[in-house]
Amino acid sequence: MTVQPIRVLFVCTGNICRSPMAEGVLRHCADKAGLADRIKTDSAGTHDFHVGEAPDPRAQKAAAQRGYDISKLLGRQVIRRDFSEFDYVLAMDELNMRQLTRLCPAEQRHKLRLFMEFAYGNTVREVPDPYGGTAQDFETVLDLLESAAEGLLDHVRVQLEDEQ
């Protein structure tokens, strides 16, 4: 019997900063943990502002400085099929969560969560959008994403163990 991988979709507004960075962080963490074949990642935006574009150069630079390659990712918009294809649809903030909730069929809403819910010891609920900010804002976002990715990876490990 082949066990299906856990599929995680990260969602922000335009899919060029937060969600591709989150995708890169979790993919890297899963690879280091030997779970690259068990956890599949993707990212999307609630809006179509940057469909087909690479992540923001500042996001790519900040991610690369920490060992995450997001340069080959391309922006896309969330589609209805995402809610059935992914096990987790993780919003970066409350605004995106509200938009996802409106788009998501009722029977799939249990998959919607804020990504920061998985962060250990963190009282921050949202990942702030660094788009209009400074290089330090991108670093702050990466700190938050790394914390949440660690917690999500632990959560998924338990889920994978339960499936065996």
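Which helices do the buried residues of helix 2 pack against? In this predicted model, the partners are helix 1 (18–32) and helix 5 (135–163). Helix 2 itself spans residues 57–65, and its buried members are Ala59, Ala62 and Ala63. These residues lie on the same side of helix 2, because they cover an arc of only 100 degrees around the axis. Turning to the other side of helix 2, one finds Pro57, Lys61, Ala64 and Gln65, which are exposed. The two ends of the helix also deserve a look. At its start, aspartate 56 places a side-chain oxygen within 2.7 Å of the backbone nitrogen of arginine 58. After the helix comes glycine 67, with a positive phi near 95 degrees.

Strand 1 is mostly covered, with six of its seven residues buried. It pairs with strand 2 (residues 39–45) in the parallel sense, over seven bridges. Within this pairing, valine 8 has threonine 41 of strand 2 as its bridge partner. Between the two strands the chain passes through helix 1, and this β-α-β crossover is right-handed. Strand 1 also pairs with strand 3, again in the parallel sense, here over four bridges. Valine 8 takes part in this pairing too, with tyrosine 88 as its bridge partner in strand 3. Further along, valine 11 stands opposite alanine 91 of strand 3.

Strand 3 can be read residue by residue. Tyr88 and Leu90 point one way from the strand, Val89 and Ala91 point the other way, and all are buried. Strand 3 pairs in the parallel sense with strand 4 (residues 112–114), over three bridges. In this pairing, leucine 90 stands opposite arginine 113 of strand 4. Together with helix 4 (residues 94–103), strands 3 and 4 make a β-α-β unit that is right-handed.

Which residues of helix 4 are buried? They are Asn96, Met97, Gln99 and Leu100. Viewed down the axis of helix 4, the buried residues fall within an arc of 165 degrees, so they line one face of the helix. The elements that cover them include strand 1, helix 1, helix 3 (82–85), strand 3 and strand 4. At the start of helix 4, a side-chain oxygen of aspartate 93 comes to within 3.2 Å of the backbone nitrogen of leucine 95.

The interior can now be described as a whole. In soluble globular proteins, nonpolar side chains tend to be buried together. In this model, the largest nonpolar core has 38 residues, and those that touch the most other members are Val8, Phe10, Phe115, Leu145 and Leu152. At least two residues of this core come from each of strand 1 (6–12), helix 1, helix 2, strand 3 (88–91) and helix 5. Helix 5 supplies the largest share, eleven residues. A second, separate core has 13 residues, among them Leu9, Ala44, Phe83 and Met97. Leucine 145, one of the residues named for the largest core, shows which neighbours gather around a single side chain: leaving aside residues up to four places away in sequence, it touches Arg18, Met21, Ala22, Val25, Met92, Phe115 and Val127.

Two further residues illustrate contrasting surroundings. When residues up to four places away in sequence are not counted, serine 19 touches Phe10, Val11, Cys12, Ser43, Ala44 and Met92. Threonine 140, found in helix 5, is partly exposed, with a relative accessible area of 33%.

Technical notes. Residues numbered from 1 in each chain as written. Predicted model: local features only at pLDDT ≥ 70, side-chain atom pairs only at ≥ 80, totals over all residues. Heavy atoms only, no water. Buried < 20%, exposed > 50% of the residue type's maximum accessible area, 1.4 Å probe, protein only. Arc of directions from axis to C-beta. Contact = heavy atoms within 4.5 Å. Polar contact = N/O pair within 3.5 Å; in protein donor to acceptor, adjacent residues only side chain to side chain. Core = buried A, V, L, I, M, F, W, Y, C linked by side-chain atoms within 4.5 Å. Pairing = 2+ DSSP bridges. Right-handed = clockwise from strand over helix to strand, strands pointing away.
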